[in-house]
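Subject: Structure handover

Hello,

Please find below the structure I said I would pass on. My notes on it follow.

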Amino acid sequence: MGDVNGDGKKDLFVGGAKGQPCAIYINEGNGQFSEKKIPVFLDHADVESVRAIFADLDHDGDLDLYIVSGGNEGNFHDHIYWNDGKGNFSYTPGVLPATASSGEPWWPSTWMGMATWIFSGRTSQHRPYPSAPRSYLFENTNGVFRDITPDFLQHIGMVNTALVADVNRDASMT
């Protein structure tokens, strides 16, 4: 949930299974939601959405959408959708390195409300199953993410949960 159109009310994202596009529902108030048609979601209906989060990924003050892909079908490329501040989302290829395994847990690190990096732990890969997949750590530089995963973190096994903590107590998660 997150306020995608800037009206102060939390809107709802619903992920889709393979062949079923994702959807965003705008909070109309009094418990009423209406579906906001996002045409680009139809372009990625072949990808199963297993986790999503709203975060300011391009540092422009609105909530963008990061979707982690998963399932058993072999199409595991995660997607970032950019919000124009009014709840209209677009997709730009190439801002996120390709992911090659089924995702599940992940965590965005924020500084002043903006995502600075994303950890994407992975649960499985299409073949050979059940070998451990590669996990990812992406650094965000002006809305373009690059893979900075250290060797020790790439093959940590099947990640079913993740937690970020301020272990050095410097008030940041970076």
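How many salt bridges does a search of the whole structure find? The search finds three. Please keep in mind that this is a predicted model. Side chains of opposite charge can pair when their charged atoms come close.

- Asp-7 and Lys-9, with 3.9 Å between the closest N and O atoms. Asp-7 has a relative accessible area of 35% and is partly exposed; Lys-9, at 30%, is also partly exposed.
- Glu-35 and Lys-37, where the closest N and O atoms are 3.7 Å apart. Glu-35 is partly exposed at 39% relative accessible area, while Lys-37 is exposed at 63%. The cut-off that matters here is 50%, because exposed means over that value.
- Glu-139 and Arg-146, whose closest N and O atoms lie 2.7 Å apart. Glu-139 counts as partly exposed at 27% relative accessibility, and so does Arg-146 at 48%.

Now the overall layout. The protein is built from two helices and eleven strands. Along the sequence they come in the pattern β-β-β-α-β-β-β-β-β-β-β-β-α. The protein has 174 residues, of which 44% count as buried. Taking contacts between residues at least 6 apart in sequence, 44% join residues at least 24 apart. The accessible surface is about 9,100 Å², and carbon and sulfur atoms account for 52% of that.

Four strands form an open sheet in the order S4-S5-S6-S7, with antiparallel pairing. Which strands stand at its edges? They are S4 (48-55) and S7 (89-91); each has a single partner strand, so one side of each is left without a neighbour in the sheet. On average, neighbouring strands of this sheet are turned by 30° against each other, direction ignored. The partner of S7 is S6 (residues 79-83), and the two pair in the antiparallel sense over three bridges. Within that pairing, Trp-82 has Ser-90 of S7 as its bridge partner.

Last, the surface. Met-1, Leu-12, Val-14 and Phe-33 form a nonpolar patch there, and together they have about 350 Å² of accessible area. Leu-12 belongs to strand S1 (residues 12-14). Leu-12 has a relative accessible area of 30%, which makes this residue partly exposed.

Regards

Notes:
Residues numbered from 1 in each chain as written. Predicted model: local features only at pLDDT ≥ 70, side-chain atom pairs only at ≥ 80, totals over all residues. Heavy atoms only, no water. Buried < 20%, exposed > 50% of the residue type's maximum accessible area, 1.4 Å probe, protein only. Contact = heavy atoms within 4.5 Å. Areas by Shrake-Rupley, 256 points an atom, 1.4 Å probe, with all protein chains shown as cover. Patch = residues over 30% accessible without salt bridge, like charges linked within 9 Å, V, L, I, M, F, W, Y side chains within 5 Å. Salt bridge = Lys/Arg side-chain N within 4 Å of Asp/Glu carboxyl O. Pairing = 2+ DSSP bridges. Axes fitted to C-alpha atoms, helices over the stretch in contact; angles between N-to-C directions.
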